[in-house]
Each structure stands twice: as C-alpha cells, then as structure tokens.
Amino acid sequence: MHGEYKVPGGKLVVVDLNVKDGVLRNVRVAGDFFLEPDEAILAINAALEGSPSSTDAEGLAARITAALPESTVMLGLTAEGVGIAVRRALGHATEWSDYDWQLVHMEPQAPALHMALDEVITAEVAAGRRAPTLRVWEWASPSVVIGSFQSLRNEVDPEGAAKHGMTVVRRISGGGAMFVEPMSTITYSLSVPESLVSGLSFAASYAYLDDWVLGALGDMGIKAWYQPLNDIATDAGKIAGAAQKRMVGPDGGPGAVLHHVTMSYDIDAGKMLEVLRIGREKMSDKGTKSAKKRVDPLRRQTGLAREAVIERMIASFGGRYGLSRGKVTDDELSRALELARAKFSAPEWTARVP
C-alpha cells in the first residue's frame, strides 16, 4: 500500500507498507523533507511497525513522537504528517496527479446560479460523470452569500443590503458570510473525488486542498498560511475564507467534496459593515477590535490587476497538476438554472434559518 501527503507549508511524505493480521508491516517512510539525526528515520519506521491498522493519525503520531531521539529536528515534516500519510495508504487515497483536471471559467453569472453550479458540478463528480474541476467564478452582481447554517437575520442587515443592491443567497456549505462585489472578489471552487482527501480529517482537508494556492500566492510575493479552521492569512491580515460540503455518490458510495474559497482582492470595508452584522463576539476570537482590520486585500499586497492575479493562480494550479480548459455542459447548465430558480432564489431556502 502506498500513501502520500504534502505537509501544508512543508514537504512531501511518502509511506509504503503492508498489513498482515491487522497490523502494519514492512513500513517505509520517505520524502523530500529534512530530518536529523539520520537514525530518526529508522525510529519512525520502527514506531509504526506492528501498529494496529485501525490506529488513527493522532495515535500514529503519538507513537512516532515517543520513539524519536531527543535531539531530533524535523524540517518540512511532522509526526502528524506521517500519520496522515499512513492513513491515506490504508484508505487507498488518490493523488492530484491521478486525474485530468478541468478548468471552468465562464462569463459573469448571477449569485443564485453560482450556488447551483457548485451543487450540480460536484454531484456530477460524485457520480463519476465529470472530471475533477477547478471553477473560477465571475460575478454578475454584488451579493451576500451566507453559510448553510447561518441565521439570516443575525448575519445580514436588510436595509444595508437593499441600499447597496446586494442579492442575498444561501449556499450549501457551512461557514461564514461572504461579502461580494464583482471586481473586488476572487472566488473559486474545487469539486474533487472523496478519495483525494481519504485519510484526512475535515480540518486537515482544508489545508490540503488549498496548499496549491498558498504556493501561487508565494509566487506573487505573499507569504500566506492556513489559519484553522478555514482562513488563509498573512502577516497583514486575513485574505480569504474557505468552506466545504461533502456529497455521497450513487447508491451511497464514495462521493465528492466541494471546496470553495472567496478571496478579497479589494474591499469597501465601510459598505461591508453596513451590510453584514458582524458582532463583537465574532471579532474577539480573531484577535481584532474592528472588522475593517480583519481583511487585507490582494490588490494592496500584490500591486497586480485582479485579472492578473487570477491568471497566475490558474497557471500555478496547471503547473502543479495539469489543467485543461473545460466547460459546463448543456445538461449541467439546464439543471443549474432550474435549481437556481427553484431553490437558491426561493425565500424558503434563503431564510431556512431565519
């Protein structure tokens, strides 16, 4: 069995192993990480040898940590990362390179249609009828997008939204509200087979699915990292937030994961505060006193046009994993249009949590 895991902000960990009588055998850990002293790698292998195959990633990491020499130094490697690579081997996880990735980058669409496209495209990936897809959104109008479980009245000021022409929609994924203005926002979705995140906890899958964008930002001169649970941050502040939705496959089999991210290219913080009801309690756990200080846009940090940032992100993804131009099929678009009308534009859905 073979498993790989790219430690977010670190290096690749590769594990090869067998399972016999319910325990790990012939465990070999490798990768492009840095590790001192040399015998530490033997200690890692020995710690995993004989472990019950049911041991979770945290339990495996604890065994590794206990076995390491006191002088051990890890660079680009963590005990948790090795544990995850083992679980991915046992779960027969797939890798990014196993797929022919498609890019969908359409003309601007209405907010409700974006919600519907996420649902339809991810369902098609779950059913095996569509290749894993990176979809870059273009917005036809300003919007507030609230999370699946958020209270409409608690999150959105209706007078502020009406004043600024903001359409309010509810998405299928959890997480917080998104404040969107078409030329000030960069949004993308990944619709991927569940096997790509096999062996990862929900929390770890966020960082794993966005490791590529941290690299793209780095190429643009921005040192960024994942801030659990679902933020992308820099020294200057938050620049993006992520959300996910898991979908089961046909007949309840393996499905797909929808992972989408909204990035702030520019922001009118005063307008945002008129539209979103951002409470003091929410601010307190972010270590800030003002919502205006929470977000530091990409425009200021890169000095690049929005289109140039998007082009560089797409190029970075393609350089890592390969990416061919795709499209939404006529059938997918027809279904999404109906879903946008019947579900995502319906007050019953938008206010399902009043």
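Does Asp21 count as buried or exposed, and what is its relative accessibility? In this predicted model, Asp21 counts as exposed because its relative accessibility is 76%, and a residue is called exposed over 50%.

**View A. Asp21 in a loop between two strands.** Asp21 sits in the loop that runs between strand S2 (12–20) and strand S3 (23–31). Although Asp21 is not a glycine, its phi is positive, at about 55 degrees. Most residues other than glycine have a negative phi.

**View B. Asn26 within a strand.** Asn26 belongs to strand S3, and its phi, near 55 degrees, is a positive value in a residue other than glycine. With a relative accessible area of 46%, Asn26 is partly exposed.

**View C. Two cis peptide bonds.** The bond that leads from Glu36 to Pro37 is cis, with omega near -5 degrees, and Pro37 is found in the loop between strand S4 (34–36) and helix H1 (40–48). The bond from Pro228 to Leu229 is also cis, with omega near 5 degrees, and Leu229 is found in the loop between strand S12 (225–227) and strand S13 (231–234).

**View D. The second largest pocket.** This pocket has a volume of about 430 Å³, and of the 20 residues that line it, the closest to its centre are Tyr5, Glu80, Ile84, Ser201 and Ala204. Helix H2 (57–67), helix H3 (79–90) and helix H7 (202–209) are the elements that give two or more residues to the lining, and the largest share, four residues, comes from H7. By type, the lining of the second largest pocket divides into 14 nonpolar, four polar and two charged residues.

Definitions and conventions: Residues numbered from 1 in each chain as written. Predicted model: local features only at pLDDT ≥ 70, side-chain atom pairs only at ≥ 80, totals over all residues. Heavy atoms only, no water. 1 Å grid on protein atoms, 1.4 Å probe; cavity = no way out; pocket = protein on both sides within 12 Å on 5 of 7 lines; lining within 4 Å. Points joined across faces, edges and corners; volume = space filled by probe spheres on them. Nonpolar A, V, L, I, M, F, W, Y, C, P; charged D, E, K, R; others polar. Buried < 20%, exposed > 50% of the residue type's maximum accessible area, 1.4 Å probe, protein only.
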